[in-house]
Amino acid sequence: MMIALFLWQGLGASVAFAARGSLTTSEERDLGEKFITYVKKRFDLVEDPSIVNYVNGVGQRILDHCASPPFDFQFYVVQEDVYNAFAGPGGHIFIYSGLLVAMESEDELAGILAHEIGHVVGRHISEQIEQSKKIGLATLAGVVAGVFLGGSATATSAITTGSIAAGQSLSLKYSREHEVEADQLGIRYLTDAGYDGEALIKVLEKIRQKQWFGSKEVPSYLSTHPAVEARLMYLDTWIQVHKESTQENAKAGLSEFQKTRTKLIALCVDSPTAHHMFDAVLRKDPNNALGYYGKGLVLYEEGKKDAAMEALKQALALMPLDSDILRSLGEVYFAMGDYTKAINTLKNALAFDFEDVQGRFLLGRAYMETEKLEAARRTLAEVIQDAPDYLQARYHLGETFGRLGDLPEAHYHLGLYYKKKGPRETAVFHLRRAMKLFSENEARQEEIRRLLKGLSDGENKKVQRQLRSISGQGASRRTPVIKNSQSGFPASSPTGS
Ligand SMILES: [Zn+2]
């Protein structure tokens, strides 16, 4: 009963915010965290670290010229062929793969990101989300995601959590004043960062042309950012006045942009269209390495490994020593089962870019396949050190430890893998095994104890969620639900003991 009370209080706390004007910075940050957790579960975000890092790099370069950013910004690519971009709460900024593929330069990307940063710095999102929503932050996060990202599934799940009224009245369409202010802030950051402001006009014109072909269900850029016509006018005026300062950037970063765009096409665009696009590039310039690189990536996606290998070799001949091309070639060799070639190629790739976690992961895998277990362990452990959330690496590191006969470490890493990936029971099983086997290592035992506790706390949260969806707004007379799941771990779980 004590536990039931405690849970109920926890639930009450999440309903307590609001009743005032716009959100405070910390409320918005909190909402942002719930929002991004929600979005990650339900929408396809591009995960390729080289693409994600590139977009974040461009965003950070703009933010370097923003005096006091209110949040730690994060940038994401939504995998969908739509011309859209938006800023969610708490500095989480999204650009759609469709819009990114339609761009021609890094300056265009920077222009769109700078405008979204302007909305965040101007705190427009918190004003839009307005006061008075007497629903929990978690629910609100879902509602906001539904409005921004669309999709009936999202809307439905937000409604079942008891927020029909909120969902209907929440409009995230910026006012004209907000648009002007986002542009005023954005264009200053943009040009201070050395980008060409005219690129923003170019990309807005593309968006304007596309609106006539846009899908009805998916909210596009124009539904959250009205007033594009007016923006085109005053941005043009501003740029004419500030011409000298805005065009010194020339072509900086162009090739990095083009490479990222090439990867994105291979990843997000259907393969016949992608082939068309790269064929067109090669017709125009038969020596375009990125054209072959793109073909290679698409062919590999299609499972045509031999053809992919040939295309990548052509790309490499034109752009020797390029670490991305080398890594992709290494990946193709790996997929073909030619592990020795994979190891050599990947080592070459890493000689130029040792930070590349994907390349190191593949190298570790190739070592495993060739029974070089000690090298595999070292390589994968380094990947995990630099990227603790790289789950596949975590899994194979656990497996490598197992094959090396180091069972405590094997269970420990598999426990961490299943903790993130689920099922929870499997995580508990491995962590308990590790706990037993690390009998002489108190530090490790202490850490595992914390992890196990985290797993049972997470279970409590799940109960809260269930409770909320069962009881609508959260009025709760359902103590039995709480009591049952407090009875410990399910009897059927493989806990061993
Ligand atoms: Zn806007």
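Is R123 buried, exposed or partly exposed? R123 is partly exposed, because 17 other C-beta atoms lie within 10 Å. The scale is this: a residue is buried with 20 or more other C-beta atoms within 10 Å of its own, exposed with 12 or fewer, and partly exposed in between, with C-beta atoms placed from the backbone.

1. **Basis.** This is a predicted model; local features need pLDDT of at least 70, side-chain atom pairs count only at pLDDT 80 or more, and totals for chains, interfaces and linings use all residues. Residues are numbered from 1 along each chain as its sequence is written.

2. **Overall make-up.** The protein has 27 helices and three strands. These are DSSP runs, numbered from the N terminus: helices are H or I with at least four residues, strands are E with at least two. Of the 497 residues, 43% count as buried. Among contacts with a separation of 6 or more, 62% join residues 24 or more positions apart. Two residues are in contact if their C-beta atoms, placed from the backbone, lie within 7 Å.

3. **Core.** The largest nonpolar core holds 119 residues. Such a core is a set of buried Ala, Val, Leu, Ile, Met, Phe, Trp, Tyr and Cys residues joined through C-beta atoms within 7 Å. I62, I95, L113, I117 and L312 have the most contacts inside it. Take I62: beyond its neighbours within four places in sequence, I62 is in contact with A110, L113, A114, I117, Y189, L190 and A193. In soluble globular proteins, nonpolar side chains tend to be buried together.

4. **Helices α19 and α20.** The axes of α19 (residues 323–336) and α20 (residues 339–352) come within 8 Å and cross at roughly 165°. That makes α19 roughly antiparallel to α20. Axes are lines fitted to C-alpha atoms, for helices over the stretch in contact, and angles run from 0 to 180 degrees between N-to-C directions. Under 35 degrees counts as roughly parallel, over 145 as roughly antiparallel, 65 to 115 as roughly perpendicular, and the rest as oblique. The crossing of α19 past α20 is left-handed; that is, the near helix is turned anticlockwise from the far one by less than a right angle.

5. **Their contact.** From α19 come S323, L326, R327, L329, G330, Y333 and F334; from α20 come Y339, K341, A342, T345, L346, N348, A349 and F352. The residues of this α19–α20 contact divide into nine nonpolar, four polar and two charged. Here Ala, Val, Leu, Ile, Met, Phe, Trp, Tyr, Cys and Pro count as nonpolar, Asp, Glu, Lys and Arg as charged, and the others, Gly among them, as polar.

6. **Helices α22 and α23.** The axes of α22 (residues 373–386) and α23 (residues 391–403) come within 9 Å and cross at roughly 150°. The two are therefore roughly antiparallel. α22 passes α23 in a left-handed crossing. L373, A376, R377, L380, A381, V383 and I384 of α22 meet A393, R394, H396, L397, T400, F401 and R403 of α23. The residues of this α22–α23 contact comprise nine nonpolar, two polar and three charged.

7. **L373.** L373 lies in α22. L373 is partly exposed, with 17 other C-beta atoms within 10 Å. Neighbours within four places aside, L373 is in contact with M368, T400, R403 and L404. The C-alpha atoms of L373 and F401 are separated by 8.4 Å, at 28 residues apart along the chain.

8. **L264.** L264 is found in α15 (residues 254–268). L264 is buried, with 24 other C-beta atoms within 10 Å. Outside the four places on either side in sequence, L264 is in contact with I51, S97, L100 and V101. L264 and Q79 are 185 residues apart in sequence, yet 9.0 Å apart in space, C-alpha to C-alpha.

9. **Y221.** Y221 sits in α12 (residues 221–224). Y221 counts as buried, with 25 C-beta neighbours inside 10 Å. Leaving aside neighbours within four places in sequence, Y221 is in contact with Y83, N84, A85 and I207.

10. **Backbone points to check.** R123 has a positive phi of about 60° although it is not a glycine. R123 lies in the loop between α5 (106–121) and α6 (124–129). L321 has a positive phi near 70° and is likewise not a glycine. L321 is in the loop between α18 (305–318) and α19, and counts as exposed, with 11 C-beta neighbours inside 10 Å. A cis peptide bond joins G422 and P423, with omega about -5°. P423 lies in the loop between α24 (407–421) and α25 (424–437).
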